[in-house]
Amino acid sequence: MNPSFPHAAELLAATLFALALIHTFSTKYFHGLAQRYPGHSGVWHLLGEVEVVFGFWAMLLMVLLFGLYGQDQALGYLESRNFTEPMFVFVIMVVAATRPILNFASRIVLRMARLLPLPDGMALYFMLLSFVPLLGSFITEPAAMTLAALMLRDAVFTKPVSNRLKYGTLGVLFVNISIGGVLTPFAAPPVLMVAAKWGWDLPFMLTQFGWKAAVVVCFNAGAAMWLLRRELKRLPVEQPDAASRVPVTVVVIHLLFLATVVLFAHHPVVFMGMFLFFLGFTAAYPRNQSPLILREALLVAFFLAGLVVLGGMQQWWLQPLLMGLNADTVYFAATALTAITDNAALTYLASLVDGLTLDFKTALVAGAVTGGGLTLIANAPNPAGATILKDHFPEGAIHFFWLLVAALPPTLVAMMAFRLL
């Protein structure tokens with residue numbers, strides 16, 4: 001049951017949501033407090049972690065709801081939330097980041113890069129920003145983000161490259177992941193929210209969204225590669241170490257675990273059970289494993305769970321705002337709103353409304369995926385990529401303004417493609 005709260009509670013939730021957004025853009029301030037007050041540096045550092053922000057404010061919301069409206073109302077609301085996506089992102093991040101999966105994916109990407117008539121560094125960079133995001137349409141966007149971020153970390157971010165290259169790469173990566181998952185109806189969270197109800201199957205996605213997305217992803221990756229070619233030409237491309245090779249049997253078993261998790265992505269009782277078997281398998285064969293990224297994946301899941309709790313009480317202002325627009329303006333509104341709310345939340349709200357035209361539906365979903373790279377909270381996989389790469393940015397944090405600046409050009413390319421093609 002989804003409890004009905006008074007409007008005062010909805011206003012309270014909207015206020016806390018706004019404070020969480022401000023907090024998200026102010027994490028550097030809390031790191032400064034940690035240096036100024038070393039006696040409580042642990043607390044300030046904790047509040048300075050982007051992944052903790054929405055979980056912290058969601059906890060505060062639940063405490064206030066508990067105090068103001070009682071245990072039954074508060075627990076009823078919490079239990080009405082769907083936490084499948086945070087759980088799935090946690091599991092898929094851990095599985096996709098294992099050494100057998102990374103080893104397998106790296107070899108495929110390197111072989112495909114050799115086919116391009118480009119210097120090794122440029123070719124590898126192009127493949128990581130084009131092929132891997134498009135692969136997200138089949139292995140899901142969170143898995144593609146995890147693979148792309150880990151491979152970019154090892155191939156690019158650990159090298160002596162400029163901050164311009166790092167932010168430019170991150171902006172294109174976030175935009176391309178958000179757009180690259182729309183070739184199928186099951187891989188991108190904002191598409192998944194509406195595909196079944198609106199009857200959007202694979203042929204529909206390929207004809208309405210997929211080919212445009214492929215054009216945008218390749219163009220963005222090629223443009224970034226060309227603009228950053230001077231640094232990329234100097235990047236050494238390291239071949240996989242023979243000592244790091246993993247037995248084929250182990251790779252196949254890991255791929256089967258990955259495929260099972262993706263296949264049952266909407267059934268946590270299945271993929272969480274498979275994850276427990278997976279943990280047992282990795283413990284049985286530690287020589288073929290690297291340390292699992294459990295901490296990083298848990299932080300991302302905590303971030304998304306907090307967004308689910310806080311975002312669940314924003315329907316009262318978001319839905320009227322969206323439904324008051326026509327098919328021409330809803331695309332631009334959805335692109336902008338996605339930057340401050342999870343794009344899947346926007347399409348979910350639209351799925352609750354009957355009688356929408358096909359033009360309105362396609363414009364809304366296109367806008368939701370177009371704006372998915374503008375901020376860390378715009379698309380569910382973004383926190384996963386940020387968690388993997390943030391230590392390689394100055395002060396170990398990603399500056400939200402520079403991310404927005406870097407993501408704007410590829411976002412504008414996507415806007416032109418979805419509105420003009």
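Biologist: Which helices each supply at least two residues of the lining of the largest cavity?

Modeller: Those are α8 (120–139) and α9 (141–157). Keep in mind that this is a predicted model.

Biologist: Which one gives the largest share of that lining?

Modeller: α8 does, with four residues.

Biologist: Which residues line the largest cavity, by name?

Modeller: G121, L124, Y125, L128, A155, V156, L235, P236 and V237.

Biologist: How do they divide into nonpolar, polar and charged?

Modeller: Eight are nonpolar and one is polar. None is charged.

Biologist: What volume does the largest cavity have?

Modeller: About 50 Å³.

Biologist: And how many cavities of 30 Å³ or more does a search of the whole structure find?

Modeller: One.

Biologist: How does anyone find empty space in a model?

Modeller: You roll a probe the size of a water molecule over the atoms, and it shows where empty space is left.

Biologist: Okay. What sits in the loop between α8 and α9?

Modeller: T140 is there. T140 has a positive phi of about 80°, although it is not a glycine.

Biologist: Is T140 buried or exposed?

Modeller: Buried. The relative accessible area of T140 is 2%.

Biologist: Which elements give two or more residues to the lining of the largest pocket?

Modeller: Here is the list: α1 (7–24), α5 (71–80), α6 (84–96), α11 (189–198), α16 (294–311), α17 (315–323) and α19 (343–351).

Biologist: How do the residues of that lining divide by type?

Modeller: There are 26 nonpolar, twelve polar and four charged residues.

Biologist: You listed α16. What can you tell me about A297?

Modeller: A297 lies in helix α16. A297 counts as buried, because its relative accessibility is 0% and the cut-off for buried is under 20%.

Biologist: Change of topic. How many salt bridges does the count come to?

Modeller: Three.

Biologist: Why can side chains pair like that?

Modeller: Side chains of opposite charge can pair when their charged atoms come close.

Biologist: Let's go through them. What does E51 pair with?

Modeller: E51 forms a salt bridge with K390. The closest N and O atoms are 3.2 Å apart.

Biologist: Where in the chain are those two?

Modeller: E51 is in helix α4 (residues 50–69), and K390 is in the loop between α21 (382–389) and α22. So the pair ties together parts that are 339 residues apart in sequence.

Biologist: Are E51 and K390 buried or exposed?

Modeller: E51 is buried, at 3% relative accessible area. K390 is buried too, at 14%.

Biologist: Next one. What is the partner of R153?

Modeller: D154. The closest N and O atoms of that salt bridge are 3.0 Å apart.

Biologist: How accessible are R153 and D154?

Modeller: R153 is partly exposed, at 25% relative accessibility. D154 is partly exposed as well, at 39%.

Biologist: And which side chain does R419 meet?

Modeller: R419 meets D328 in a salt bridge, 3.9 Å from N to O. R419 is in helix α22 and D328 is in helix α18 (residues 327–338), so this pair links distant parts of the chain, 91 residues apart.

Biologist: How does accessibility look for R419 and D328?

Modeller: R419 is partly exposed, with a relative accessible area of 33%. D328 counts as exposed, because its relative accessibility is 52% and the cut-off for exposed is over 50%.

Biologist: Now the surface. Which residues make a nonpolar patch there?

Modeller: W211, V215 and L421 make a nonpolar surface patch of about 290 Å².

Biologist: Where is L421 found?

Modeller: In the segment after α22 (400–420). L421 is partly exposed, with a relative accessible area of 48%.

Biologist: Last one. What about V217?

Modeller: V217 lies in helix α12 (residues 202–227). V217 is buried, at 0% relative accessible area. V217 and A336 are 119 residues apart in sequence, and 20 Å apart in space, C-alpha to C-alpha.

Methods:
Residues numbered from 1 in each chain as written. Predicted model: local features only at pLDDT ≥ 70, side-chain atom pairs only at ≥ 80, totals over all residues. Heavy atoms only, no water. 1 Å grid on protein atoms, 1.4 Å probe; cavity = no way out; pocket = protein on both sides within 12 Å on 5 of 7 lines; lining within 4 Å. Points joined across faces, edges and corners; volume = space filled by probe spheres on them. Nonpolar A, V, L, I, M, F, W, Y, C, P; charged D, E, K, R; others polar. Patch = residues over 30% accessible without salt bridge, like charges linked within 9 Å, V, L, I, M, F, W, Y side chains within 5 Å. Areas by Shrake-Rupley, 256 points an atom, 1.4 Å probe, with all protein chains shown as cover. Salt bridge = Lys/Arg side-chain N within 4 Å of Asp/Glu carboxyl O. Buried < 20%, exposed > 50% of the residue type's maximum accessible area, 1.4 Å probe, protein only.
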